[in-house]
Amino acid sequence: MNGYGGKILRIDLSSGHVRTEPVPEELARKFLGGRGFAAKLLYDELDPATEPFSPANMVVFAPGPLSGVFLPGSGKVTLASKSPATGGYGDSNMGGHMASELKYAGYDAVVITGAAAKPGYILIDDDRVEVRDAAKYWGRGAIESERMLLDDLGEDFRVATIGPAGEKLVRFACVSHDFGRQAGRTGIGAVLGSKKVKAIAVRGSKTIPLADPKGVLAKGREMFEACFSKPGFKEWTPYGTAGVTDWVNEVGAFPTRNFQTSFFDGHKEINGQRLKEKILITDKGCFGCPIPCGKYSRTKGFAGSGREKETIYVEGPEYETIALLGGNCGIRDIEDVAYLNHVCDELGLDTISGGNVAAFAIECYERGIIGRDKVGRELRFGDTGSVAYLLEQTARREGIGDVLADGVKAAAAKLGGGSERFAIHVKGLEVSGYEPRWAPAMMLSYMTADIGAHHNRSWAITHDVATGRDTLEGKVDKVIELQHTRPLFDLLGVCRLQWVEIGFDLRYYEEIFPLVTGWKYTWKDLLMASERVWNLTRAFNIKHIEGFGRSYDYPPARFSEEPVPDGPAKGKYIPREKLDSLLDEYYAKRGWSKDGRPTEAGLMRLGLDGVADDLARLGRL
Amino acid sequence: MKLRLVEDLCSGCRVCEMVCALHNRGEQNPKKSAIRIRGEFPVPGKYHILVCDQCGKCAEVCPTGAITRKDKAYVIDRDECTGCGLCVDVCDGKTMFTHTSEVAPIKCELCGECVRLCPRNAIVDLDGEIVAPK
Ligand code: SF4
Ligand code: SF4
Ligand code: SF4
C-alpha cells in the first residue's frame, strides 16, 4: 500500500512472542493511520474489564500515512493506551524522529501487550525485533537512558524511554524521545512501566512506497516553499510556542496559582523573549519541520538546590510548560521554569499534569488541608524549591508524592477536606495552559475532549477572543470543526503547527495525500475519517467506563462557580446553566443523545456499524 | 558550486536527507541520501552536517575508474561500480554512504537540492550559483 510501511508489529511481553501482519486495506481506508489506527485497535481488542496497569492493556505506537514523507512537519507519532489517568481512551502525540523511523522500518503500528518478568527494552531494527535486558537502564532518568542506549546501540537508532516516574506507575508519566520531545499526556509512560518496558529503540532502512514519487517531490517542494514565504516563518520560529505567553496573559487566560486566577504579573520574566535572551542555545525541530518550535536551552539549579554551579541542558520550556510550571506554580524566573522542566523530563513526568499536581498540593497546603507534617516541608507558590520537591516526591512515590502520583482527581478523593474544589481536571486529566473562565469555546473544548482536559483537540481560545467571549453563539460549531480538523493531523501523522501558527494552507494536505497513497480522497473524506475516530473514542469511553456520559463532561466547579478574582477576566466565570446549554447544543449537533452518547443512526452514517451493535448489547446506546 | 555548512543554524529537521534521496534516487528514504545529520545531545546541544567535500580521494582508489570528476563534483558511474568498498574506507569524512540494497555507495554530486530546501540556510553555495535564502 502506497504511503504505508505495510505492517503491524505485535509484541507480547508475557510470552515473548513477536509477529507481524499486513495492514488491512480497509483499516487504512477508513481510519487512515496514527490516532485512527490506535483508536481502532484499542477499541476492537481491549476488554472493558481491563485495568490500565494489567498486562492485557495495550500500548500502541502509530505513525500516519504522511509520516516520514517529504512534506512539512511529517514527524508525528501517536502513542495510545487505556489511560491510567482517566480509565478511558488515552493518547498523546510525539514529535522528533520516531514516526519516520518506524515507517522506514516498515511499520504503521507497533502493538505492545503483556508484561515482562524483568525490565527490558524493545529493539526494532527493520525486520529484527528483540526484547533485551534493561537492568542497566532501569532507575535512570529518561534523558540519561536515551543517551546510554544511543551510546550502546549507535547514533542512527531512534529511542523512546520512560523515566523513574513511569517505572513507579505515576499516572501522568510520559514517554520521552529525542532529548526533550514527549508523548506527555494520559500516562502512557506508566503503562510501559507496568509492562517493565524501559525503552523502544528503532532503526529503519527501507523505502516508503509512494504512488507518485515525482509528484510528491514537486508538491512537497511547493509546500516547503509556501512555508518559507509566510511571514510567520521568520516571526514565529525564533520563540516557538513560548511566544504566545504574553498574549494569553493579556487576554486573561493564563493559568495562575492552581487556576485561582488567569493573570500572572510575572509573565514578562518567563515569556519567549526572556527564553531567547537568557537561556536559548539552539532551535531544535522534529523530522521534516521548517519551523522548529523546540528551543534547546541551558540553565542552572535554583538558589538552594545545591546545583547552582551546574550547567543543565533542557529542551524548552515550551508554552504549556511555562504556563503550568511557571504561572500555575507562581514561578517568575525563566531559568527556574527551565530547571523544573528539566526535573520533569529526567523523571519522566508530564509537565502539564506535573505543574497542576504541584499547584494543587501547594493550594491545599496554603488552605490547611494538608499540613507540614504530611508534606515534610513548607510549601509556597512562587517557591521553586517547593515545586521541585513535590515533583521529585511524586515521581518516586515517596511521602505525599505517593498520593499526588495518582493525579489531582484521585489525590483529592484521598485527601478529602474539600480538596476536590482545587483539583483542576476533566475526566481525571489535568487542565492544560488556557484558563477558560472567559473563553466558552475553550471551556467546551476541555469538557468534550476524549482524553480529558487537553487543548490539542480543539485550541479555541483565539476564536473566543476573535468572536466575543461573553456570547455562546457560534462556539459549538467552531469546537466541532476544530475537533475534526486538528485530530486529523494525528491520523495523518503530521504536525499541525505549520497550519495553526504560520497559516500554512490546509488544501496542501488534500493535494499531497493522493500523490502519496494513490487514493483520491477529498478534504471532506479526510475530515469524515477524523469524525469517525471522534465517535469511536467516545464509544470507547462509554464501553469502558460504567456510567460514562454527560456527567463526565463538566469542568471543575472553580470554573463555573468562582469569578476570576483579578486581571483582564476579572469577575468572569461560566455558570452551570450556560455549560448545560453548550452541552445540549454540542450533543445535538453531533447527533448524540442528551446524555452524550452516539446514536445508532449516527454510528451507521460513519460506518461504525459494529460499534452500534456493541453499545446496544451493553445497553449503552 | 561548493557547499558551505553552517552547523549552528541547523535544527536537525533532515529535510536535506529527504530531498537528496527523493531527487537523486527517486526514493522516500533518507538512508539513501548523500547527506546526514547527527545530533550531539544532551550536551552540548548541537547538530553536525555530514556531507562530502569533493576532495577526490575516492576517485584515486577506485579500481574500475567508476568515480570521475564532472564539473566541480566527483560522481559515481553506478554501472561501472562493483561495490568493492575501497572508496568508503578511504573517505576521511565518512561521507561515502552505503545501503544494503545498493551496490554502489552514495555520495554528494552537488545537485544543489539541499541548498534550495534547507529551511535554515544551514547549507549554502559558496560559489553563489544557487542563491536560496529563506
Ligand atoms: S512545529 Fe514544533 S512540534 Fe511541529 S514539527 Fe516543528 S518542531 Fe515539531
Ligand atoms: S548537493 Fe545534492 S547530492 Fe549533495 S547532499 Fe545536497 S542534495 Fe545531496
Ligand atoms: S535541512 Fe538544513 S536545518 Fe534541516 S537538517 Fe538539513 S542542514 Fe539541518
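## Exercises: a ligand shell and a domain interface

By class, the residues around ligand 2 come to seven nonpolar, two polar and one charged. The model is a predicted one, so treat these as exercises on computed coordinates.

**Exercise 1.** Work out which residues surround ligand 2, and sort them by class.

*Solution.* Start by listing the neighbours: B:Cys20, B:Asn24, B:Ile35, B:Val51, B:Cys108, B:Glu109, B:Leu110, B:Cys111, B:Gly112 and B:Cys114. Next, sort them.

**Exercise 2.** Find how much area domain 1 of chain A and domain 3 of chain A bury between them.

*Solution.* Domain 1 of chain A puts 40 residues into its contact with domain 3 of chain A, which puts in 41. Now the area: the two bury about 3,400 Å², with 66% of it on carbon and sulfur atoms.

**Exercise 3.** Pick out the salt bridges and polar contacts across this interface, then say which elements of domain 1 of chain A supply residues to it.

*Solution.* The rule turns up two salt bridges between domain 1 and domain 3 of chain A. A:Asp450 and A:Arg35 pair up in a salt bridge at 2.8 Å, N to O. For polar contacts, count 17 residue pairs. On the domain 1 side, H1 (25-31), H2 (35-45), S4 (77-82) and S5 (89-94) of chain A each give at least two residues. H2(A) has the largest share, six residues. By class, that side holds 15 nonpolar, 15 polar and 10 charged residues.

Key: Residues are numbered from 1 along each chain as its sequence is written. Chains are lettered from A and ligands numbered from 1 in the order in which they are written. This is a predicted model: local features need pLDDT of at least 70, side-chain atom pairs count only at pLDDT 80 or more; totals for chains, interfaces and linings use all residues. Side-chain values use heavy atoms; hydrogens and water are left out. A residue is near a molecule or strand if one of its heavy atoms lies within 4 Å of it. Ala, Val, Leu, Ile, Met, Phe, Trp, Tyr, Cys and Pro count as nonpolar, Asp, Glu, Lys and Arg as charged, and the others, Gly among them, as polar. Contact means heavy atoms within 4.5 Å. Buried area is the accessible area (1.4 Å probe) that two parts lose on being put together, summed over both. A salt bridge is a side-chain nitrogen of Lys or Arg within 4 Å of a carboxyl oxygen of Asp or Glu. A polar contact is a pair of N or O atoms within 3.5 Å; within protein, one must be able to donate a hydrogen and the other to accept it, and residues adjacent in sequence count only if both atoms are side-chain atoms. Helices (H or I, at least four residues) and strands (E, at least two) are DSSP runs, numbered from the N terminus.
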